[in-house]
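Hi there,

Here is the structure I promised to pass on to you. Please open it next to this email so that you can follow along.

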Amino acid sequence: MSQSQSPYVDDPTIGNDAALWRRVPPGHFIFDDNLGAWRPSSAAFDDHPDGSPMSVILGQQVLDEGRIADSVLEGHDGFGLVSFLAELARDQGQGITRKPLSDEPAHAEVFGKKTRAVKKAFAKNCQWVVSPPN
Amino acid sequence: LEANILTLDLLERPNSSEALTNTRWRAAAYEPRIASHFTFTDISSIARRFMVPFGPVSLVFAEPPAAWFNNLLAEISQIGDLKENWDSYGARPIDPRCAEAAANLLWAVLDSSTPKPFVVPTSRGGIQLEWHRAGVDLELEIESPARVNVCFEDHREGTEQEITLSGDLRPLTHFLKRLGEAD
């Protein structure tokens, strides 16, 4: 579903410079010889299997709440955490909407069709906030 | 035993020329081969085979595969242990039939000198095989045994191709050849 057909509405209060964080599970770390670095696989950036949009966490909100980045990895041993800008998502035809959860008030969703190109764009243009364990 | 064996059709490795138009690869017309019954003869035969655990089932080979293939099998086997929600975002366990398809496909197109891929589980229960080297990105997503999507991006030439793999493996062997050209 493209953004124009989506029941979700892009939230203008989430600025283009907003950092969106996403957990990366073990098994999604790959070494990209072309980049000379470890990065997440494109497979780490997809909608939920139930069809709901890709979950992210609003990084600044976490910090404003006095938490640290590692707190969103609590209970997820071996995971890494990456960050990408809302601008990157929008450049890929995606929208962002807040969807606070009881256990994660900074939760949001990135909606729009996750083509291979979109997933690769996220994978290649994100930065590690919490690097994968050695 | 009945529900715990997934037979893998890797009885004979095709030679390189066969691999170009591999007729054993049947992605477009997949036939489930999860055994529902074994006779004593079958069990005796299985006892001589090489079994690779994959979660609650086993992938069975007619004979131990070549040593260079063992690491790939171990990686495939490892993702069979993933439980529901393994990515913390509701991911599904990996479908053993996708593991079978991945092993069959890799066995058909790789040899000991081919660069080996990363074996990556997908949240929908499939497997993605990835190579990122020599100025090339190659990704194969096995969504199901009947659907394999291939994305090939050559940064040296600025070209990109996306195809759905059918019985003809020639496009894939071509892409793999480009991966190895820098060596």
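This is a predicted model: local features need pLDDT of at least 70, side-chain atom pairs count only at pLDDT 80 or more; totals for chains, interfaces and linings use all residues.

The largest nonpolar core has 41 residues. Ile76(B), Ile127(B), Trp131(B), Leu138(B) and Leu140(B) have the most contacts inside this core. Among the elements that give two or more residues to it are α3 (67-78), α4 and β5 (127-133) of chain B. The largest share, 10 residues, comes from α4(B).

Leaving aside neighbours within four places in sequence, Ile76(B) is in contact with Phe54(B), Leu59(B), Ala99(B), Ala102(B), Ala103(B), Leu106(B) and Val119(B). There is also a second, separate core of 32 residues, which includes Ile14(A), Phe79(A), Phe84(A) and Ala106(A).

Next, look at the loop between α4 (96-109) and β4 (118-121) of chain B, where you will find Thr114(B). Thr114(B) counts as buried because its relative accessible area is 11%, under the cut-off of 20%. A polar atom of its side chain lies 2.9 Å from the backbone nitrogen of Asp111(B).

Finally, chain A has an open sheet of 6 strands in the order β6-β7-β4-β1-β5-β8, with antiparallel pairing. At its edges are β6 (95-98) and β8 (127-130) of chain A, each pairing on one side only. From one strand to the next, the twist averages 40°. The antiparallel strands β6(A) and β7 (residues 107-111) of chain A are joined by 4 bridges, and Arg98(A) stands opposite Ala108(A) in β7(A).

Enjoy exploring!

Definitions and conventions. Residues are numbered from 1 along each chain as its sequence is written. Chains are lettered from A and ligands numbered from 1 in the order in which they are written. Side-chain values use heavy atoms; hydrogens and water are left out. Buried means under 20% relative accessible area, exposed over 50%, partly exposed in between (1.4 Å probe, protein chains only). A polar contact is a pair of N or O atoms within 3.5 Å; within protein, one must be able to donate a hydrogen and the other to accept it, and residues adjacent in sequence count only if both atoms are side-chain atoms. A nonpolar core is a set of buried Ala, Val, Leu, Ile, Met, Phe, Trp, Tyr and Cys residues joined through side-chain atoms within 4.5 Å. Contact means heavy atoms within 4.5 Å. Two strands pair if DSSP finds at least two bridges between them. Axes are lines fitted to C-alpha atoms, for helices over the stretch in contact, and angles run from 0 to 180 degrees between N-to-C directions.
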